[in-house]
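Have the view open and follow along point by point.

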Amino acid sequence: MKGMNALNYRVLKDRLFFGMICLFSWLTVVPLFAIIWELGKKGLKQINFDFFTKVAPSTLDAMLAKGSGEVIPGGIANGIMGTLLMVTLAALVAIPVGIFSGIYLAEKPKTFYSGIIRFLTDLLQGTPSIVIGIIAYAWVVKPLGAYSALAGATALAIMMLPLIVRSTEETLRMLPISLKEAALALGAPYWAVMLKVMLPSAFGGLFTGILLAVSRVMGETAPLMLTALGSTMINWDVVSPTSAVPLLIWEFYNDPNLVDMIWSSSLFLMMLIFILNLIAKQVAKKWRIQ
Amino acid sequence: MENTIKKTIQNPVLQFKDLSVSYVPGKNAVNMVNADLKENRITAIMGPSGCGKSTLLRAVNRMHELYPDIKITGEILLKGENILKMNPMEVRCKAGMVFQRPNPFPTMSIYENVIAGYSLNNVHFQKSQRDEIVETSLRNVGLWDEVKDSLTKKGTFLSGGQQQRLCIARAVALKPEVLLMDEPTSALDPIATNHIEQLLLELKKQFSIVIVTHNMSQAARISDMSMFMYLGDLIEYDDTKIMFTNPKDKRTEEYLNGQFG
């Protein structure tokens, strides 16, 4: 009977332990839902067609609209276009550089040089974004004499790089060696083996890594404050100051009349990142390595 | 080495001359192998695990170059030309290889897999020529009737046995001088194995085949010539019939009787 009690006690302890696991997993999920709920409740009413096509309103317009109880006119088109411009520019540089470095790491995993690359990419991944902003300021803003989309894109490219390098390396190393041997056994030159067989086979992982890198830098604010500065107009000129969605959120926060726009802009950014992650998941599933 | 048998034949397709391969300095995985291989015949290389049979085979199409620690000495002559002095890309076009596990390219369709030897080497043909190569190669491996309506499907959708035949088609499409096979049926079920064995008997009319197998009965069924390797040495090399009925070396006899291996 005594043994029975001990057994019951052990069962109870196990149940309690599992209950704790469930409880803490809930504690992770609750804030996420709370964030989305908050953003949706406060931001959704601002999101209309103008939100995507018009530039950010002036303080005066916003004040007048608020006074008469209307929604604030205008949108965040300057921010959307700026983000698009800078992320695209950054991706154009970071993707090829990152993929080729990743190939090097996967192909020569044990050399001293690859150890250095790996250490530096890890370091870069942990570097505070404001520091990278300062670097881009010194390298691009100073010599050009102006804040620009180019400077912003430089900062973002540096931030994307380690993510792409490591995801490329990890995906390529998951591919079976037999695949490379099969291609080499046909007398294929090394470049064709890598570009026509290995990279396409790793497509799912590469693409997911790129999307996650993009969604990571899309919300970066600090480096852009020092580089792109912001702009009230839609700007396609890469050497002029440019806006971005996170920069606009910061500007809205500093303007009491525009505070309502914070929520809709944040909701937009959140949704965009949510969609990118969703696509990344689907791609990873569809093109997973067999 | 006293037991190394030097067998000289007329017009050999492949010749090993004092061939040694080592993974670790001073320790040969393949030790001073000398042998001439006949054209349009199936030569089986048998032996227990770790005897160097795969190592020997992979030396022929310079697969060892992937691993810089491996050292090769001696000569391998393919139709009289020393392949160790040729460019590895050229060697590999002339010596096709089929691996232990089917490894079709997962991103390519059946059609693209067969033509891959050309497309990866940037050799371009007109479509009619490409179609012909694909059809002949697939017919060569008896896969044409099974896949002719699904050429655009991924090669990985096929069954294991079909995938392996696709890999053989991919190798024969390049019309190699010699076809190297590294235990090509060890990952397949008996029916698919039988299919491949029948196929090899057909293919030897056009190609010279070297097959590594740990399956003695397979060697007995399909090969014309057999090599027995043990601890890196080529112990015996003879007509398959002679070797299986009247082996000259005691170790060969013991292996064939299943006393080790």
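**Notes for a first look**

1. Please keep in mind that this is a predicted model.

2. Now turn to chain B, where 4 strands make an open sheet, ordered β2-β1-β4-β5, with antiparallel pairing. At its edges are β2 (27-37) and β5 (81-82) of chain B, each pairing on one side only.

3. Within that sheet, β1 (residues 14-24) of chain B pairs with β2(B) in the antiparallel sense over 7 bridges. If you want a spot to check, L14(B) has L37(B) in β2(B) as its bridge partner.

4. What lies across the strands? Helix α1 (residues 53-60) of chain B lies across β1, β2 and β4 (71-78) of chain B, and runs at about 65° to β2(B).

5. The largest nonpolar core has 149 residues. Helix α7 (residues 149-174) of chain A gives the most to this core, with 15 residues. The residues with the most contacts inside the core are A90(A), L156(A), M160(A), I164(A) and V210(B).

6. Finally, V210(B) ties several of these points together. Leaving aside residues up to four places away in sequence, V210(B) touches L14(B), L37(B), T43(B), I45(B), L57(B), V178(B), L180(B) and M181(B). Among them are L14(B) and L37(B), the bridge partners from point 4.

Notes
Residues are numbered from 1 along each chain as its sequence is written. Chains are lettered from A and ligands numbered from 1 in the order in which they are written. This is a predicted model: local features need pLDDT of at least 70, side-chain atom pairs count only at pLDDT 80 or more; totals for chains, interfaces and linings use all residues. Two strands pair if DSSP finds at least two bridges between them. Helices (H or I, at least four residues) and strands (E, at least two) are DSSP runs, numbered from the N terminus. Two residues are in contact if their C-beta atoms, placed from the backbone, lie within 7 Å. Axes are lines fitted to C-alpha atoms, for helices over the stretch in contact, and angles run from 0 to 180 degrees between N-to-C directions. A nonpolar core is a set of buried Ala, Val, Leu, Ile, Met, Phe, Trp, Tyr and Cys residues joined through C-beta atoms within 7 Å. A residue is buried if 20 or more other C-beta atoms lie within 10 Å of its own, exposed if 12 or fewer, and partly exposed in between; C-beta atoms are placed from the backbone.
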